[in-house]
Amino acid sequence: MTGGRWLLRAASLGAALLVWQGLTSLDVNLWLRFEQFPTVGEVAGAFAERAGTGPFWQDLASSLRRIVTGFALAAVLGVAVGTAIARSRIAADVLGPLLEVLRPVPAIALVPVAILLFPSNEQGIVFITCTAAFFPVLVSTRHAVGALTPVWEEAVLTMGGGRARILFSVVLPGALPGIFGGLSVGIGVAWICVISAEMISGEYGVGYRTWQDYTVIDYPGVFVGMVTIGALGWLTSTAVERAGRRLTRWLPARDSSGPVPSSAARTRTWWGPGRSPRAPHPAAARAGATGPRSGSGPFPEQTREVTP
């Protein structure tokens, strides 16, 4: 990312803070009532005060532990079940109807079930977090796997590959972009539900502390919790997106100033300006009439097809 884009993003955030400071310091009350809102300075002071205490970091560690545990379980289960449903008719018939019935149920509505089902609040909150992230990952994986072209699978079968080779060499790598789309959505939904669960049945955590501040009418503390939740959500979402870009480095590079180049454009780039796939490479002319090597041409690495 260029320095100009970083500067634009920082300016956008700074402008939002200036608007917040102006509305709250002037006690604006035009339909929306800002006179009881804390100012940016009050929230910053409360944040600095909280950051120097042990309970703040204990709450932070509790929420992060719950989100990482629940999200990791949801990622593994969502990818496994989504792949099974997309690849197996039996799995689709057995698991599909049950999951479609459960999918519209909000994860936060499962708090009473978690309280009755699990022996501790900690396990119940992890269960709710896992459930919240599970369905976005499941749906994205199912669609990504189902959208793969069968040509790649047939090519592996032609070369003697088995089911395991197809799964780990074709299916999962080909579905990775769609899977990480679901993971990016899932981490955001997981944060919503883990904070809500902490407010209802938690003992520690950012959500629990935010709700406690609300009950004692400590509005700067409430906004400290909101800012902390937003920062944690942004950091974890960024981590998921960076991991996705690293694991899908084989995808065509996207120029920030325009769309992904077409297959024909990438082919022209491969062969170089002013050439075409049918034109002989200059090195081939220098090779003389010695005949082609084994493969698809004089230099197989230069004549292979570039797929989109």
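Contact here means heavy atoms within 4.5 Å.

## Basis

This is a predicted model, in which local features need pLDDT of at least 70 and side-chain atom pairs count only at pLDDT 80 or more, while totals for chains, interfaces and linings use all residues. Residues are numbered from 1 along each chain as its sequence is written, and side-chain values use heavy atoms, with hydrogens and water left out.

## Thr39 and its loop

Thr39 sits in the loop between β2 (32–33) and α2 (40–51). Helices (H or I, at least four residues) and strands (E, at least two) are DSSP runs, numbered from the N terminus.

Thr39 touches Gln21, Thr24 and Ser25, leaving aside residues up to four places away in sequence. Thr39 counts as buried because its relative accessibility is 14%. Buried means under 20% relative accessible area, exposed over 50%, and partly exposed in between (1.4 Å probe, protein chains only).

## Aromatic pairs

The model has eight aromatic pairs. Rings of Phe, Tyr and Trp (its six-membered ring) pair if their centres lie within 6.5 Å; planes under 30 degrees apart count as stacked, over 60 as edge-to-face and the rest as tilted. Phe34 and Phe37 form an edge-to-face pair, because their ring centres are 5.7 Å apart and their planes stand at 70°. Phe34 is buried at 18% relative accessibility. Phe37, at 37%, is partly exposed.

Phe134 and Phe135 also pair edge-to-face, with centres 5.1 Å apart and planes at 75°. Both of these residues, Phe134 and Phe135, are buried. Elsewhere, ring pairs join Trp20, Phe34, Phe37 and Phe223 into a cluster.

## Packing of α3 and α8

Two packed helices are described by the angle between their axes and the distance between the axes. Helix α3 (residues 54–87) packs with helix α8 (residues 163–201) at about 140°, their axes 8 Å apart. Axes are lines fitted to C-alpha atoms, for helices over the stretch in contact, and angles run from 0 to 180 degrees between N-to-C directions. The angle makes α3 oblique to α8. Under 35 degrees counts as roughly parallel, over 145 as roughly antiparallel, 65 to 115 as roughly perpendicular and the rest as oblique.

The α3–α8 crossing is right-handed. A crossing is left-handed if the near helix is turned anticlockwise from the far one by less than a right angle, and right-handed if clockwise. Residues of α3 at the contact include Ile67, Phe71 and Val79. From α8, they meet residues including Leu183, Ile187 and Trp191.

## Cysteines

The structure holds zero disulfides (cysteine sulfur pairs within 2.5 Å). Cys130 is buried at 12% relative accessibility. Cys193 is buried at 9%.
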